[in-house]
Amino acid sequence: MERDELVCFLLLAEELHFGRTADRMRLSRARVSQLVRRLERRVGAPLFIRTSRRVALTSLGRQLRADLEPHHRAIEAALERAAATARGIDTVLHVGFPNPLTGEIVMKTTEALRASHPGLAVEICEVPLADPYGQLRKGEFDLQIAELPVREEDLGEGPMLLTEERVLAVGSAHPLAARDAVRLEDLADVPLLSIIGDVPDYWLAHHLPAHTPSGRPIARGPGMTTMQEALMLVAAGKGAVLAPAHTALYHARPGVAYVPFTDAEPTGYGLVWRAGHTTGAVQAFVSAAREVARSMARPAPGHRTPHN
């Protein structure tokens, strides 16, 4: 099997979409189809089921993926270790994280790097809710995990690591707290706490919408700068917060109920760094973080499949 066939097969098995696979390989869709057909001829049977609406692995395709994937990861890791040794990665990497879930990803990535890059030290720090990119721009962080979207011209963006569903953090005495689930339309019935700080408008529009899907206004509650401050205000009945699902686990507290949404877009997490500062150490962290996020999201309540 040639390397391009192997990579194409594994990427298509992951994406189950010829267009996205072509984009990741920087090839045409026709070339991706050609590589898949060539591999299927080599194997002697179809590896994918293709229709006009979906792509799926055959049972043989699933078996081949299970057999090949561990060996491919091991080869890639070995090549990366060799390249890192050649580059002489021996430095301290400062990494930011915005919440407990991403902090766990950073910690597990750091542990993984101790084995593959013993000369690379990682120091971590929490990213302030009220200033999501300030420390990165100042050079206090080399890279950070950020809640998406990120649309900053001076920041480079790596792969999405994972997504998770969102919940509404609301005072336990509020009528919405008794619901099994809520919709975005229900936000017209409770004020959302404001975020005080240097936060981009597009980020606020995603995390703190001003209107429901039908156009009803969503009231604004008091301002907050940290999640702990926000939850104190929520418990006091001052408003509600749209939060990632893991908040219910890491920030369980009296007076606050976490109600899942049925229609809110999930929260995504990706790695970002200053444009032009993609060092060998940054690349090593990105590669390791992808593997960590992949393992953490298999499977977990409220978490979706990781993205690469």
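Two strands count as a pair when DSSP finds at least two bridges between them. With that in hand, welcome to this predicted model. Strand β7 (residues 166-171) and strand β10 (residues 241-244) meet that mark, pairing in the antiparallel sense over 4 bridges. This briefing starts with their sheet, moves to a second sheet and its helices, and ends with a helix and a loop residue.

**The sheet around β7**

- Three strands make up an open sheet here, in the order β10-β7-β11, and the pairing is antiparallel.
- β10 and β11 are the edge strands, each with a single partner, so one side of each has no neighbour in the sheet.
- On average, neighbouring strands of this sheet are turned by 35° against each other, ignoring direction.
- How many residues of β7 are buried? The count is 6 of its 6 residues, so to speak a strand that is mostly covered.
- On the β10 side, Leu168 stands opposite Leu242, and Arg166 stands opposite Pro244.
- Val170 stands opposite Ala257 in β11.
- As background, strands of a sheet pair through backbone hydrogen bonds, either parallel or antiparallel.

**The sheet of five strands**

- A further open sheet has 5 strands in the order β4-β3-β5-β12-β6, and its pairing is mixed.
- Its edges are β4 (121-126) and β6 (155-164), each of which pairs on one side only.
- From one strand to the next, the twist averages 20°.
- Which strand is joined to β6 by 7 bridges? That strand is β12 (residues 267-274), and the two run antiparallel.
- Within this pairing, Glu157 stands opposite Val272 in β12.

- Helix α5 (residues 100-116) lies across β3 (92-97), β4, β5 (143-147), β6 and β12.
- The direction of α5 is at about 160° to β3.
- Helix α10 (residues 280-296) also lies across β3, β4, β5, β6 and β12.
- α10 runs at about 10° to β6.

**Helix α8 and its buried face**

- In helix α8 (residues 227-235), the buried residues are Ala230, Leu231, Leu233 and Val234.
- Why do the buried residues of α8 line one face of the helix? Seen down the axis, they fall within an arc of 160°, so they share one face.
- Just after α8 comes Gly237, which takes a positive phi of about 80°.

**A buried histidine in a loop**

- Where is His246 found? His246 sits in the loop between β10 and α9 (247-250).
- Is His246 buried or exposed? The relative accessible area of His246 is 5%, and buried means under 20%, so His246 is buried.
- Apart from neighbours within four places in sequence, His246 is in contact with Asn99, Pro100, Leu101, Glu164 and Tyr269.

Terms used: Residues are numbered from 1 along each chain as its sequence is written. This is a predicted model: local features need pLDDT of at least 70, side-chain atom pairs count only at pLDDT 80 or more; totals for chains, interfaces and linings use all residues. Side-chain values use heavy atoms; hydrogens and water are left out. Buried means under 20% relative accessible area, exposed over 50%, partly exposed in between (1.4 Å probe, protein chains only). Axes are lines fitted to C-alpha atoms, for helices over the stretch in contact, and angles run from 0 to 180 degrees between N-to-C directions. Contact means heavy atoms within 4.5 Å. The arc is that of the directions from the helix axis to the C-beta atoms.
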